[in-house]
Amino acid sequence: MTFVRAYNYGAVLQAYALNKAINDIGVECQTIDYYPKAFRNSYSLRNHCVLRLKPAKNPKWWVLNNLLCLRVKKRNKKFSGFLKKHFRMTKKQFCNANELETCLNFDVYISGSDQVWNPEICGFDKAFFLTFCKDKKKISYAASFGINEIPKEYKQEFIKRLSGWNAYSVREPSGVEIINDLVGERAECHCDPTFLLSSQDWVSSLSIKKRKEEYILVYIVDESDALLNYAYQLSEQLGLKVYCLHSTMKPEYFRNKIDEYHITIVYAASPKEYLSYFLSANYILTNSFHGTVFSVIFHKKFLCESVSNGRADYLLQKLSLQNRVLNDSRIEKIFEEINWDSVENRIKQLRDGGLSYLKSQIIE
């Protein structure tokens, strides 16, 4: 049970990774096709724009609005197609927590990963707390609260929803403390599911093709002139093209940046195309947690701009890659060597810990 219908690269790819990892250990696993109203609204055409066939008084607005509609429609189609082709999902799609009462034909239910326990996401939906499972085994895997402390107004509801689980796995150390505070139980801290698959697993399982050109990749989830300027300076020095992937479909920020920073925006890439850009890039600049993850998985020279929730910072610390944080504008910083053998040893420890937990809770 996770954010499988959030048409966001990190959400969909972490869901794919956990599904595949569990199936690969010899257990039949399905992801519940849960598409609540909150996600329908967030990723719908109507939330972004309304296609208008009749020309408007402002021709520029009319063209840009319709162009955005077409991009959102294309994005949604690509994500939906990816889920249909590559996921083992329930045949039935569920739209609210009450409908899930009929989804009781499994032996074990898992919540996570992603910020499934964040009270500010998806309307604090009780479905992600597996409230529909009355007499079934309930565990979590690398679930995240997305916050370091539970607000007082939510605390009693959290206690109610998280009491009596068979095992707790969270993604951040703060989650371990929160679980102990809420229900007095010990939680284990495990890696994001994307690390449960090796680089070869990602490439072979999805048939990811390497792009033939050389380029710099920028992937941003928050607006960042610092990253775009760094990419521009690096491009000027190396003579490489700059591609920019982003998680928002609203183009206002980028309209003025395309010419200023000489970047090429990649609109509506599919999850497979997203991975292809990471696999093939010569250099990567990002302020995304999963952008950082795939930079590491594919052994890229990268820099990560620190973000407010600290997830990427914590990951880099675990992998002894603190020097990959963009804290100055020196172009030379991205050329610093990375000891990938050491990094892989640390990733293996994280992967082994995550898979061991899953096996112990599902098989043994």
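In strand β9, Ile263 is the bridge partner of Val242. Three bridges join β8 (residues 241-246) to β9, and the two strands run parallel. Strands here are DSSP runs of E of at least two residues, and helices are runs of H or I of at least four residues, numbered from the N terminus; two strands pair if DSSP finds at least two bridges between them.

The model is predicted, so that local features need pLDDT of at least 70 and side-chain atom pairs count only at pLDDT 80 or more, whereas totals for chains, interfaces and linings use all residues. Residues are numbered from 1 along each chain as its sequence is written, and side-chain values use heavy atoms, with hydrogens and water left out.

The sheet is open, with five strands in the order β9-β8-β7-β10-β11 and parallel pairing. Because β9 (263-265) and β11 (301-304) stand at the edges with a single partner strand each, one side of each is left without a neighbour in the sheet. The twist averages 20° from one strand to the next. Helix α12 lies across β7 (215-220), β10 (283-286) and β11, and runs at about 160° to β11.

Axes are lines fitted to C-alpha atoms, for helices over the stretch in contact, and angles run from 0 to 180 degrees between N-to-C directions.

| Helix pair | Angle | Axis distance |
|---|---|---|
| α12 (289-297) and α13 (311-318) | about 25° | 8 Å |
| α11 (271-280) and α12 | about 55° | 9 Å |
| α1 (9-24) and α7 (199-206) | about 95° | 12 Å |

Angles under 35 degrees count as roughly parallel, over 145 as roughly antiparallel, 65 to 115 as roughly perpendicular and the rest as oblique. Accordingly, α12 and α13 are roughly parallel, α11 and α12 are oblique, and α1 is roughly perpendicular to α7.

Contact means heavy atoms within 4.5 Å. Residues Tyr274, Leu275 and Phe278 of α11 meet His290, Gly291, Phe294 and Ser295 of α12. By class, this contact has four nonpolar, three polar and no charged residues, where Ala, Val, Leu, Ile, Met, Phe, Trp, Tyr, Cys and Pro count as nonpolar, Asp, Glu, Lys and Arg as charged, and the others, Gly among them, as polar.

Between α1 and α7, Leu13, Tyr16, Ala17 and Lys20 of α1 meet Trp202, Ser205 and Leu206 of α7. The residues of this contact divide into five nonpolar, one polar and one charged.
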